Amino acid sequence: MTFTRHLFLAGAVLAASAGFAHAEMTATAINDLNVRSGPGPQYPSVGVATRGSPALLDGCIQGSRWCRVDVNGMRGWVYAEYLQVLRDGNPVIVEENEAVLGVPTVTYESTASIPADPAPGDELLGPVGSVEAITPPETVRTYIETTPAQTVQLSGDVVVGAEVPESVTFQEIPNYEYRYVRINERPVLVDPGTRRIVYVYQ
């Protein structure tokens, strides 16, 4: 199983809604997340924004959880549920508070035909859930680097909280409660009980 689609975009247009053409909002990435060239997991990643990275938020697509940002020198699209904005001094998730925050509405149009669903045989990472943030000891990284594991190709963003499909087998780490697996060439630590990713190595 592979996920090697070559996507050719003939053109894309970003349009801000009236009244918000020059609005700028500052958001923060709450997880490591892929920044994509278009609003969907089927678009190629242009890079990874690390947890805590500040991002300039252009706006979000109405009725969608995809937002356009400038982050770490990259311009692209990310999930609204991975962004937070300060409101009255308190951090709030963009996805749950777009209307209250007055997030601008943007649109994305492409003349290319982009498949909206995974191809037959592609496996998806499950929905993102809440997990406790961890900081693995250096011995875990050493073990992972000296114990290669076969990589698993899955579609979707490899981020903290994503659920790994039942078909994926995890590798045990001696004297450690979490397991590890390589997803799309990236080593990740997984809670074997919930099958959710708790840490992503860069």
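Buried here means under 20% relative accessible area, exposed means over 50%, and partly exposed falls in between (1.4 Å probe, protein chains only). The model on screen is predicted: local features need pLDDT of at least 70, side-chain atom pairs count only at pLDDT 80 or more, and totals for chains, interfaces and linings use all residues. Residues are numbered from 1 along each chain as its sequence is written, and side-chain values use heavy atoms, with hydrogens and water left out.

**The whole protein**

Show everything as a cartoon. The protein has two helices and 15 strands. Helices (H or I, at least four residues) and strands (E, at least two) are DSSP runs, numbered from the N terminus. Of the 202 residues, 44% count as buried. Contact means heavy atoms within 4.5 Å. Of the contacts with a separation of 6 or more, 65% are between residues 24 or more positions apart.

**Stop 1**

Select residues 196-200, strand S15. Four of its five residues are buried, so S15 is largely enclosed by the rest of the structure. S14 and S15 pair in the antiparallel sense over four bridges. Two strands pair if DSSP finds at least two bridges between them. Look across from Val-188: Val-200 of S15 stands opposite. The two strands form a hairpin with four residues between them. In the turn, pick Arg-195, which has a positive phi of about 65 degrees.

**Stop 2: the nonpolar cores**

Which residues have the most contacts inside the largest nonpolar core? They are Leu-57, Leu-83, Val-94, Val-181, Ile-183, Val-188 and Ile-197, in a core of 44 residues. A nonpolar core is a set of buried Ala, Val, Leu, Ile, Met, Phe, Trp, Tyr and Cys residues joined through side-chain atoms within 4.5 Å. Colour domain 1 (25-101) and domain 2 (138-200). Both give residues to this core, so it lies between them. The domain bounds come from an automatic or database domain assignment. Another core, of eleven residues, lies apart from it; Tyr-176, Tyr-180, Leu-189 and Val-198 are among its members.

**Stop 3: aromatic pairs**

Show the rings. A search of the whole structure finds four aromatic pairs. Rings of Phe, Tyr and Trp (its six-membered ring) pair if their centres lie within 6.5 Å; planes under 30 degrees apart count as stacked, over 60 as edge-to-face and the rest as tilted. Select Tyr-176 and Tyr-178. Their ring centres are 5.6 Å apart and their planes stand at 70 degrees, so the pair is edge-to-face. Both Tyr-176 and Tyr-178 are buried. Next, take Tyr-199 and Tyr-201. With centres 5.0 Å apart and planes at 70 degrees, this pair is edge-to-face. Tyr-199 counts as partly exposed at 21% relative accessibility, and Tyr-201 counts as buried at 5%. Then move to Trp-66, Tyr-79 and Tyr-82, which form one aromatic cluster.

**Stop 4**

Select Asn-34 in strand S3 (residues 33-36). Is Asn-34 buried or exposed? Asn-34 is buried, with a relative accessible area of 9%. Leaving out residues up to four places away in sequence, Asn-34 touches Ser-45, Gly-47, Val-48, Trp-77, Val-78, Asp-157, Val-158 and Arg-186.

Go on to Ser-45 in strand S4 (residues 45-49). Ser-45 is partly exposed, with a relative accessible area of 37%. A polar contact of 3.5 Å joins its side chain to that of Asn-34. A polar contact is a pair of N or O atoms within 3.5 Å; within protein, one must be able to donate a hydrogen and the other to accept it, and residues adjacent in sequence count only if both atoms are side-chain atoms. The Ser-45 side chain also reaches the backbone oxygen of Gly-47, at 3.1 Å.

**Stop 5: strand S2**

Finish on residues 25-29, strand S2. Met-25, Ala-27 and Ala-29 point to one face and are buried. Four bridges join S2 to strand S5 (residues 54-61), running antiparallel. There, Pro-54 is the bridge partner of Thr-28. Two bridges join S2 to strand S8 (residues 83-87), also antiparallel. In S8, Leu-83 is the bridge partner of Ala-29.
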